[in-house]
Amino acid sequence: MTQPSTIAIPSGVGFDVRRVQDDFPALHQEVHGKPLVYLDSAATTLKPQTVIDTVSDVYARDCSNIHRAVHLLSQRATARYEDAREKVRSFLNAKSSTEVIFTRGTTESINLVAQSWARTFLQEGDEVLVTELEHHSNIVPWQIVCQQVGAELIVVPMTDRGEILREAFEERLSSRTRLVAMAHVSNALGTVLPVEELIELAHEKRALVLLDGAQAVSHISVDVQALDCDFYAFSGHKLYGPTGVGVLYGRERLLEGMPPYQGGGDMIRSVTFAETIYNDLPYKFEAGTPNVAGAIGLGAAIDYFRSLDLDAVRAHESAVLQYATEALESVSGLRLIGTAPGKVASASFLMDAVHPHDIGTIVDSEGVAIRTGHHCAQPVMEHFGIAATARASLGMYNTTEDIDALVRALHKVQELFG
Amino acid sequence: MDLRELYQEVILDHGKNPRNHRFPEHHNREGRGYNPLCGDKIALRLQLDGDTIRDVGFVGHGCAISQASCSTMTEAVKGKTVEEAEALFSKFHAMVMGEDGADDDSDSLGKLVVFAGVREFPMRVKCATLGWHTLNHALRDEGGEATTE
């Protein structure tokens with residue numbers, strides 16, 4: 001194995017990675033007696049202290065249910081929850097905060113659209129278009145609803161580099177396509193899809209477009225009005241926020257016409273046994289007590305994230321990914337899976353004669369946390385004729401030193417299996 | 001935690017060159033195994049002669065732990081009765097799960113004791129038991145697919 005060549009990293013104008021690292025307490029620990037090197041941010045990002053403190057503070061000070069009681073704690077919690085919604089609106093540049101629905105995460109956001117919009121408006125002969133590189137959570141909800149209504153699921157194939165090309169997309173798109181559901185960024189490969197172009201093509205055929213933004217929000221800027229997408233889904237925990245909270249953005253006009261996803265408290269205006277009148281947006285889609293502290297914590301994560309120079313954050317991440325790509329390619333017998341130009345934040349790879357799970361266990365013993373497995377994207381694995389990959393994925397707190405630690409750990413893998 | 005506890009020479013050897021990594025010429029039982037956690041798949045066939053496992057082999061792919069476990073398992077159960085093979089699985093299972101008193105049985109496990117280190121790696125227990133679950137499935141002639149879940 002040769003040492004990776006050194007790439008000059010722009011000297012952090014506007015972004016001080018050491019200071020950012022100080023904000024993430026989980027980074028500062030040892031695992032198996034070695035300093036933790038966390039390279040699994042595509043699974044979940046670590047949380048800055050301000051998010052942890054905010055969630056704790058909600059429970060310590062403002063613990064109450066929202067939208068109900070007249071007492072002060074409830075007023076404070078309600079105000080903070082709605083304030084978080086406004087922060088999400090501003091983050092996505094949605095027109096109105098009524099277009100922002102809090103969910104449990106990306107998966108629930110997608111299921112909401114499948115069961116409310118698609119189940120109501122799709123019928124036999126209609127088609128839902130997905131791509132080959134989707135996460136299972138952007139495949140299975142559509143399989144379920146297609147079966148329910150007799151619609152067909154059509155798959156846009158990807159290239160061997162892991163790209164979705166306009167031509168392949170156009171070939172599968174037709175006048176029968178009612179909805180396109182696709183990743184903004186691939187979780188298994190890091191590919192950034194050319195969504196602006198694909199959305200325009202879909203709209204020409206009068207199809208709606210849902211973007212799965214789970215892997216995008218922390219790495220590329222998202223403006224739902226500029227994108228002109230109809231639905232956008234993401235999870236808080238991949239944006240340095242808490243687990244168990246996510247967002248569905250939907251165009252107001254579409255959300256207005258959709259029936260509730262779940263029935264329960266808070267989503268109604270009045271209930272009698274004869275008739276129930278549903279609440280206005282966005283509450284119509286937020287049945288039951290929501291993840292109050294989680295949503296407020298997500299608001300804090302957005303505040304933290306936007307307090308940084310995001311162009312500088314992205315330049316830093318892109319430089320570390322480039323360094324990682326070259327460093328990994330220099331490891332003998334290592335093959336990168338997913339090599340689309342312009343990809344972000346993830347490097348999936350295989351090593352000769354070593355199964356990804358063995359790689360994962362061995363590098364873990366060196367303190368390096370990576371993900372191994374099919375990444376909930378089995379069709380992607382099938383495309384490459386493999387069962388699993390090892391994946392190193394980046395957050396803004398990662399540095400080239402982390403990549404060096406990974407490469408040293410991969411050296412250990414080769415020693416053991418050599 | 002010592003990696004060598006997990007990746008013992010025997011395991012590395014069997015992982016790299018699994019024994020009985022082929023289907024037997026004749027078989028009357030078959031099992032398929034799937035670990036949904038990692039996507040690993042194996043298929044196992046065996047020739048049951050009365051109550052005795054005359055021949056057994058497997059094909060498929062997986063990590064060093066799962067391949068070595070399948071390999072050593074096929075060696076261990078060949079020539080054994082169904083009851084003996086099942087008893088061996090119970091002991092093996094107790095060992096990798098780190099159950100109380102499991103160590104007392106280590107003598108009867110023979111070469112399979114090299115998997116004792118797996119108990120320190122809870123995420124890898126399923127790798128070590130995939131082959132055994134599949135064998136169990138084949139012996140019971142259940143059809144379908146054994147999973148580690």
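Analyst: One term before we start: domain bounds here come from an automatic or database domain assignment. Also keep in mind that this is a predicted model.
User: Switching to the inside: how many residues are in the largest nonpolar core?
Analyst: That core has 127 residues, and Leu210(A), Tyr232(A) and Leu406(A) have the most contacts inside it. Helix H10 (residues 292-306) of chain A gives the most to this core, 10 residues. Both domains of chain A take part, as the core draws at least three residues from each of domain 1 and domain 2.
User: What does Leu406(A) touch?
Analyst: Leaving out residues up to four places away in sequence, Leu406(A) touches Val37(A), Leu39(A), Val363(A), Val368(A) and Ala392(A). There's also a second, separate core of 33 residues, which includes Leu6(B), Ile11(B), Cys70(B) and Ala128(B).
User: Now chain B. How many helices and strands are there?
Analyst: Chain B has 6 helices and 4 strands. From the N terminus on, the order is α-α-β-β-β-α-α-α-α-β. The radius of gyration of chain B is 14 Å, close to the 15 Å from the globule rule for 149 residues, so chain B is as compact as a globular protein of that length.
User: And what percentage of chain B is buried?
Analyst: Buried residues make up 44% of the 149 residues in chain B.
User: Which way do strands S2 and S3 of chain B run, parallel or antiparallel?
Analyst: They run antiparallel, with 9 bridges joining S2 (residues 40-49) to S3 (residues 52-61). Leu48(B), for instance, has Ile53(B) in S3(B) as its bridge partner. The hairpin has 2 residues between these strands, and Gly50(B) there takes a positive phi near 65°.
User: How many residues does each chain give to the contact between A and B?
Analyst: Chain B gives 16 residues and chain A gives 15 residues. The chain B side divides into 11 nonpolar, 3 polar and 2 charged.
User: Last topic: where's the cis peptide bond?
Analyst: From Leu281(A) to Pro282(A), with omega near -5°. Pro282(A) is in the loop between strand S12 (276-278) and H10 of chain A.
User: What's the phi of Asn93(A)?
Analyst: Phi of Asn93(A) is near 55°, which is positive in a residue other than glycine. Asn93(A) is in the loop between helix H3 (72-92) and strand S4 (100-103) of chain A.
User: Why is Asn93(A) called partly exposed?
Analyst: Because Asn93(A) has 14 other C-beta atoms within 10 Å, while a buried residue needs 20 or more and an exposed one has 12 or fewer.

Technical notes. Residues are numbered from 1 along each chain as its sequence is written. Chains are lettered from A and ligands numbered from 1 in the order in which they are written. This is a predicted model: local features need pLDDT of at least 70, side-chain atom pairs count only at pLDDT 80 or more; totals for chains, interfaces and linings use all residues. A nonpolar core is a set of buried Ala, Val, Leu, Ile, Met, Phe, Trp, Tyr and Cys residues joined through C-beta atoms within 7 Å. Two residues are in contact if their C-beta atoms, placed from the backbone, lie within 7 Å. Two strands pair if DSSP finds at least two bridges between them. Ala, Val, Leu, Ile, Met, Phe, Trp, Tyr, Cys and Pro count as nonpolar, Asp, Glu, Lys and Arg as charged, and the others, Gly among them, as polar. The radius of gyration is taken over C-alpha atoms; the globule rule is 2.2 Å times the number of residues to the power 0.38.
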